[in-house]
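Please read the notes below with the model open beside you, and look up each residue as it is named. They are written for someone who is new to reading structures.

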Amino acid sequence: DRLPAWLKYSQPDASVMGGAYNGVYWDPPEGERFRGFAAPRPQLREGSLRVYEAHVGMSSAEPVMATYRSFADEVLPRIKDMGYNAVQLMAIMEH
């Protein structure tokens, strides 16, 4: 099984050595919630480097191992549309 990408917290099954991770929904009390960053977001200069980190194998919306072809056809156009101008491919392994 896969963990949803939007999870904020996960933990392993402590009763099993090397057990799978389980997603945990965390709803902190009002006094412990994140309120945002204190500093304003920096302004991007024209032509500045914007790097998108990508994991090709897990870039599919389907629960399958994605291919470089599907990444190029489906993901790269979305990365470009978001304004990124560089892609860093992460954790390329043999499968």
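This is a predicted model: local features need pLDDT of at least 70, side-chain atom pairs count only at pLDDT 80 or more; totals for chains, interfaces and linings use all residues.

1. Residues are numbered from 1 along each chain as its sequence is written, and side-chain values use heavy atoms, with hydrogens and water left out.

2. The helix to begin with is α1 (68–81), where helices (H or I, at least four residues) and strands (E, at least two) are DSSP runs, numbered from the N terminus. The 14 residues of α1 should span 20 Å at 1.5 Å a residue, and this agrees with its end C-alpha atoms, which are 19 Å apart; the expected span is 1.5 Å times one less than the number of residues. At Val 75 the helix α1 bends by about 40°, and Pro 77, a proline, follows within four residues. The bend is the angle between axes fitted to the seven residues ending at a residue and the seven starting there. After α1 comes Gly 83, whose phi is positive, near 95°.

3. Which residues of α1 are buried? They are Ser 70, Phe 71, Val 75 and Ile 79, where buried means under 20% relative accessible area, exposed over 50%, and partly exposed in between (1.4 Å probe, protein chains only). These buried residues of α1 pack against β3 (51–54) and β4, with contact meaning heavy atoms within 4.5 Å.

4. On the surface, Tyr 68, Leu 76, Val 87 and Leu 89 form a nonpolar patch that has about 340 Å² of accessible area together. Two elements, α1 and β4 (86–89), each give two or more residues to this patch, and Tyr 68 is found in α1. Patches are made of residues with over 30% relative accessible area and no salt bridge, with like charges joined within 9 Å and nonpolar side chains (Val, Leu, Ile, Met, Phe, Trp, Tyr) within 5 Å; the areas come from the Shrake-Rupley method with a 1.4 Å probe, and for residues only the protein chains shown count as cover.

5. The structure holds 3 salt bridges, each a side-chain nitrogen of Lys or Arg within 4 Å of a carboxyl oxygen of Asp or Glu. One of them joins Arg 69 to Asp 73, with the closest N and O atoms 3.1 Å apart. Because they are 4 residues apart in helix α1, Arg 69 and Asp 73 are separated by about one helical turn. Arg 69 is exposed, at 55% relative accessible area, whereas Asp 73 counts as partly exposed at 47%.

6. Glu 30, Arg 33 and Arg 35 are linked in a network of salt bridges. Glu 30 meets Arg 33 at 3.5 Å, N to O, and meets Arg 35 at 3.4 Å, N to O. Arg 33 counts as partly exposed, at 35% relative accessibility, while Arg 35 counts as exposed, at 58%.

7. Ala 39 lies in the loop between β2 (21–23) and β3, and at 54% relative accessibility Ala 39 counts as exposed. The C-alpha atoms of Ala 39 and Gln 88, 49 residues apart along the chain, are separated by 27 Å.
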